[in-house]
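Colleague: I would like to learn how to read a sheet and a pocket in a model, one feature at a time. Could we go through them together?

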Amino acid sequence: MNKRELKIKLDELGIRPSDYSLDGVLKPMSTILLFSDSRWWTFDYDERGRAQDKMSFDTEDEACQHILSRLIRLQEFREKYNLIRKKHNLGPI
(Lines give C-alpha, C1' and ligand atoms only; values in the text may rest on other atoms or scores of the structure.)
Protein backbone atom coordinates (compact mmCIF):
# COMPACT_ATOMS: atom_id res chain seq x y z
CA MET A 1 0.00 0.00 0.00
CA ASN A 2 1.24 3.49 -0.75
CA LYS A 3 0.04 6.90 0.45
CA ARG A 4 -2.40 7.31 -2.44
CA GLU A 5 -4.00 3.92 -1.79
CA LEU A 6 -4.09 4.63 1.95
CA LYS A 7 -5.91 7.94 1.33
CA ILE A 8 -8.53 6.15 -0.79
CA LYS A 9 -9.05 3.51 1.91
CA LEU A 10 -9.35 6.12 4.68
CA ASP A 11 -11.94 8.03 2.63
CA GLU A 12 -13.90 4.81 2.02
CA LEU A 13 -13.93 4.12 5.76
CA GLY A 14 -15.15 7.65 6.53
CA ILE A 15 -12.10 8.53 8.62
CA ARG A 16 -11.83 12.28 9.03
CA PRO A 17 -8.95 13.97 7.17
CA SER A 18 -8.33 16.04 10.31
CA ASP A 19 -7.25 12.81 12.06
CA TYR A 20 -4.15 12.31 9.92
CA SER A 21 -1.47 13.83 7.72
CA LEU A 22 0.05 11.73 4.96
CA ASP A 23 2.51 14.38 3.77
CA GLY A 24 4.38 15.09 7.00
CA VAL A 25 2.47 18.26 7.85
CA LEU A 26 2.27 18.55 11.64
CA LYS A 27 -1.39 18.89 12.58
CA PRO A 28 -2.25 18.82 16.29
CA MET A 29 -4.24 15.81 17.48
CA SER A 30 -3.51 13.73 14.39
CA THR A 31 -1.51 10.73 13.23
CA ILE A 32 1.39 11.69 10.99
CA LEU A 33 3.16 9.81 8.18
CA LEU A 34 6.60 11.18 7.35
CA PHE A 35 9.48 10.06 5.13
CA SER A 36 12.82 11.23 6.51
CA ASP A 37 16.39 9.91 6.58
CA SER A 38 15.47 7.03 4.25
CA ARG A 39 12.87 5.75 6.75
CA TRP A 40 9.08 5.97 7.04
CA TRP A 41 7.91 7.35 10.38
CA THR A 42 4.51 7.36 12.05
CA PHE A 43 3.58 9.19 15.20
CA ASP A 44 0.78 11.00 16.94
CA TYR A 45 1.17 14.75 17.25
CA ASP A 46 -0.53 16.07 20.36
CA GLU A 47 -2.11 19.44 21.14
CA ARG A 48 1.10 20.63 22.82
CA GLY A 49 3.25 19.91 19.78
CA ARG A 50 4.78 16.69 21.06
CA ALA A 51 5.32 13.58 18.98
CA GLN A 52 3.98 10.48 20.73
CA ASP A 53 4.25 6.77 19.88
CA LYS A 54 6.95 7.19 17.22
CA MET A 55 7.60 4.17 15.06
CA SER A 56 9.87 3.76 12.04
CA PHE A 57 9.48 1.42 9.09
CA ASP A 58 11.63 0.26 6.21
CA THR A 59 8.86 0.47 3.63
CA GLU A 60 5.99 2.75 2.75
CA ASP A 61 3.67 -0.26 2.78
CA GLU A 62 4.52 -1.13 6.40
CA ALA A 63 4.00 2.47 7.53
CA CYS A 64 0.71 2.80 5.66
CA GLN A 65 -0.60 -0.50 7.05
CA HIS A 66 0.31 0.68 10.55
CA ILE A 67 -1.47 4.02 10.16
CA LEU A 68 -4.50 2.30 8.68
CA SER A 69 -4.81 -0.06 11.65
CA ARG A 70 -4.35 2.81 14.15
CA LEU A 71 -7.01 4.94 12.50
CA ILE A 72 -9.43 2.02 12.21
CA ARG A 73 -9.05 1.42 15.97
CA LEU A 74 -9.70 5.13 16.60
CA GLN A 75 -12.82 4.98 14.42
CA GLU A 76 -14.05 1.84 16.22
CA PHE A 77 -13.54 3.55 19.59
CA ARG A 78 -15.52 6.60 18.46
CA GLU A 79 -18.33 4.41 17.15
CA LYS A 80 -18.43 2.29 20.31
CA TYR A 81 -18.77 5.34 22.53
CA ASN A 82 -20.92 7.32 20.10
CA LEU A 83 -18.26 9.98 19.52
CA ILE A 84 -18.76 10.27 15.76
CA ARG A 85 -19.59 13.77 14.56
CA LYS A 86 -22.73 13.65 12.55
CA LYS A 87 -23.37 15.97 9.64
CA HIS A 88 -26.42 18.08 10.26
CA ASN A 89 -28.95 18.58 7.53
CA LEU A 90 -30.00 22.15 8.01
CA GLY A 91 -32.31 22.08 5.03
CA PRO A 92 -32.99 25.05 2.76
CA ILE A 93 -32.26 28.52 4.08
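Colleague: In which sense do strand β2 and strand β3 pair, and over how many bridges?

Modeller: This is a predicted model, in which local features need pLDDT of at least 70, side-chain atom pairs count only at pLDDT 80 or more, and totals for chains, interfaces and linings use all residues. Residues are numbered from 1 along each chain as its sequence is written, and side-chain values use heavy atoms, leaving out hydrogens and water. In general, strands of a sheet pair through backbone hydrogen bonds, either parallel or antiparallel. Strands (E, at least two residues) and helices (H or I, at least four) are DSSP runs numbered from the N terminus, and two strands pair if DSSP finds at least two bridges between them. Here β2 (residues 30–36) and β3 (residues 39–45) are antiparallel, over seven bridges, and Ser36 stands opposite Arg39 in β3.

Colleague: In what order do the four strands form the open sheet?

Modeller: The order is β1-β2-β3-β4, with mixed pairing; β1 (20–21) and β4 (51–57) are the edge strands, each pairing on one side only.

Colleague: Which element supplies the largest share of the lining of the largest pocket?

Modeller: A lining residue has an atom within 4 Å of a point of the pocket, which is an open set of points on a 1 Å grid over the protein atoms alone, where a 1.4 Å probe fits, with protein on both sides within 12 Å along at least five of seven lines. Helix α2 gives the largest share, four residues, while β2, β3 and α2 each supply at least two. Of the 15 lining residues, those closest to the centre are Met29, Ser30, Thr31, Asp44 and Leu74.
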